[in-house]
Amino acid sequence: MVKRYLSLIPFDDALHLLKSSFNNPGKTETVPVTKTLGRVIATPVYARYSVPEVNLAAMDGIAVKSRDTFGATDQCPVTLGDFARVNTGNILPPQFDAVIMIEDTWEAGDRFQIRKAAFPWQHVRPAGDDIREGRLVLPKGHMVRAFDIGALATYGIAEVEVTMARVGIIPTGSELVPLGTRPQPGQVVESNTIMAQVLLASMGAVCERLPIVRDEPALIQEALLKAAEKNDLVIISAGSSAGTRDFTAGSIAAVGELIFHGVAVKPGKPMMLGKVKDTPVIGLPGYPLAAQTVLREFAVPLLEHWGLAPFPKQVVRAQLATPLASDLGFDEFVPVSVGRIGKKYWGISRSRGAVVQMSTVRSNGYTHIPALVEGYDAEHELDVFLTTDPANIERTLLFSGAIDPVLEELGNLAHDQGLFIHTASAGTTSAILSLKRNSCHAAPMSLPSFSIIKECRTLLPYLESLDLIFVNIATQEQGIVSVKEISTDALDSLCWVNTRKDSPARHLFDALLLSHQIEPSRIQGYDNEAATPGAVAAAVLAGQADAGICTKGLAEKHGILFLPVAQEQYELVMRKEMLEDPRIITLISLIKSPAFKSHLNCTGFYSTTLTGRIRSLSSENIEMP
């Protein structure tokens with residue numbers, strides 16, 4: 001019998017049930033002051049003594065009795081015999097009540113002459129000036145910062161009572177292998193509970209990760225009972241969907257109560273909540289992005305509700321670079337990369353597949369689409385919750401277009417200069433539309449030679465409508481791959497494997513057909529689309545097609561023939577006005593650098609003859625401003 005979710009509870013209702021169904025355990029622990037960074041104060045902290053405990057000199061000079069200085073002027077200086085030489089921070093002798101800076105005195109033998117009267121407690125740091133004994137240092141609920149720790153140490157406080165909760169974390173799955181083990185086919189490294197442990201521990205939770213539990217109901221039930229006995233919260237990972245090996249829901253119900261299974265949230269729909277021995281049990285989906293969402297949107301708010309350290313949430317308002325669709329009835333959380341272009345912040349949404357962890361790794365924020373919204377149009381302004389320091393947004397460059405591994409090395413060099421490159425894959429037309437909206441700094445594109453571009457009826461209208469410049473990153477040979485010798489005079493006699501619409505190879509193929517006055521309808525296999533250029537080479541090698549378009553490097557890798565057609569220029573396309581942006585100026589200098597060219601040459605797949613050249617459709621060379 002196929003298992004299905006009984007119902008999908010709305011996101012807000014699920015969160016309310018989680019918070020209202022369980023009492024705050026009210027746990028605290030006493031930790032050394034050096035271990036309190038980011039922790040929340042459980043009981044008020046008071047100074048154990050005054051700081052300073054005695055009066056101190058606040059300047060280098062002489063300690064005096066202020067009454068002895070009355071009447072001192074330039075015309076009528078006063079000579080002092082009763083004084084004490086002091087330096088900043090020295091204890092002020094009890095008989096004195098003022099300090100005169102040494103530069104305001106004149107030596108007169110073994111005495112000092114002054115020409116200005118001192119007022120009582122001048123340049124004196126009185127006892128208790130910083131804080132007096134018994135006064136409040138940190139209130140209950142305060143999250144400790146690094147500077148707070150210095151103050152606590154100064155005031156004699158060696159230990160502090162902070163909030164805490166014990167969290168037991170159970171990984172389940174017969175396919176899981178521990179960190180450090182290379183997975184075999186069908187195996188997966190257990191990572192969700194590692195992420196959970198690090199995240200919740202940063203809030204002040206004391207986390208214990210249990211050993212991996214195989215997909216056997218009895219073992220899962222035993223682990224749940226042990227974890228619930230010792231902890232205030234149990235997180236159980238995987239086994240929450242409706243597959244034949246998903247036993248978590250049944251195991252919770254067998255030893256406790258299953259409160260709900262399934263939430264109208266994406267990613268994270270299989271999330272469940274149960275109760276075992278009065279302890280809340282949160283079931284994480286096995287897919288990484290879904291697990292991240294459930295941890296952030298459910299486990300984190302519960303610990304915050306219990307008084308642990310709040311999860312940092314910095315928000316910026318950003319406009320969407322492209323339309324963002326969403327399913328009505330589901331609260332959806334989407335990874336986003338944000339950067340500033342001119343005076344506006346723009347956000348590029350990332351892949352939303354629940355499996356793709358790199359979506360969050362490559363993003364610097366996320367946005368929330370409410371259940372009653374079907375999505376947003378391009379240029380809609382919304383809140384983006386940052387997952388990085390807000391200052392980094394000012395140093396972020398957004399690229400939308402054809403993503404090549406060379407950008408990774410360029411990103412490493414850029415990071416050394418304080419810049420962060422965020423890339424998002426997009427077709428050529430989509431990338432040009434982003435440039436038109438001014439919603440990305442640059443669009444990386446794999447383009448054929450300019451002579452072919454000018455013949456390509458699909459590309460040219462878009463390119464000519466904007467004042468664009470092309471910064472050459474590298475050059476590759478693009479051409480026809482085959483197993484047997486072929487000629488460009490017989491293109492319509494071959495069976496082809498094509499690439500997806502709007503891809504660089506597709507544009508080149510269209511331009512090649514146009515130059516030979518061949519209609520695409522005459523090409524056998526024109527609509528047979530491979531996902532990537534590598535898939536084209538693989539299809540030709542397997543005999544699924546006679547020919548296709550890809551790079552010389554891929555042809556050599558697959559051991560098939562290669563007929564050159566064009567030099568493919570991997571270009572960074574941008575608005576000409578971007579040349580005035582200091583970040584872009586730095587970026588172009590890195591592209592031209594010997595370090596970057598050396599990396600390209602070492603790969604064996606790229607030519608750097610044109611690397612760093614800047615041109616437009618009308619000019620072969622453009623100088624930097």
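Select strand S13 (residues 166–171) and strand S17 (residues 233–237): they pair in the parallel sense over five bridges. Strands here are DSSP E runs of at least two residues, helices are H or I runs of at least four, and both are numbered from the N terminus. Two strands pair if DSSP finds at least two bridges between them. Now pick Ile 169; its bridge partner in S17 is Ile 235.

This is a predicted model, in which local features need pLDDT of at least 70, side-chain atom pairs count only at pLDDT 80 or more, and totals for chains, interfaces and linings use all residues. Residues are numbered from 1 along each chain as its sequence is written, and side-chain values use heavy atoms, with hydrogens and water left out.

Contact means heavy atoms within 4.5 Å.

Move to strand S29 (residues 396–401) and strand S30 (residues 420–425). They pair in the parallel sense over six bridges. Click Leu 398: its bridge partner in S30 is His 422. Then trace the chain from S29 through helix H9 (residues 406–416) to S30; this β-α-β crossover is right-handed. That is, with the strands pointing away from the viewer, the path from the first strand over the helix to the second runs clockwise.

**Backbone stops in the loops**

Go to Pro 52, in the loop between strand S2 (45–46) and strand S3 (56–57). The peptide bond from Val 51 to Pro 52 is cis, with omega near -10 degrees.

Jump to Pro 267. This residue sits in the loop between strand S19 (265–266) and strand S20 (272–276). A cis peptide bond joins Lys 266 to Pro 267, with omega about -15 degrees.

Select His 123, in the loop between strand S9 (111–114) and strand S10 (124–125). His 123 is not a glycine, yet has a positive phi of about 50 degrees. Its relative accessible area is 27%, so His 123 is partly exposed. Buried means under 20% relative accessible area, exposed over 50%, and partly exposed in between (1.4 Å probe, protein chains only).

Then find Glu 379 in the loop between strand S27 (375–376) and strand S28 (381–386). Phi of Glu 379 is positive too, near 80 degrees. Glu 379 is partly exposed, at 42% relative accessibility.

**Zoom out**

The C-alpha atoms fill a box of roughly 115 × 75 × 45 Å along the principal axes. Of the 625 residues, 50% count as buried. Among contacts between residues at least 6 apart in sequence, 75% join residues at least 24 apart.
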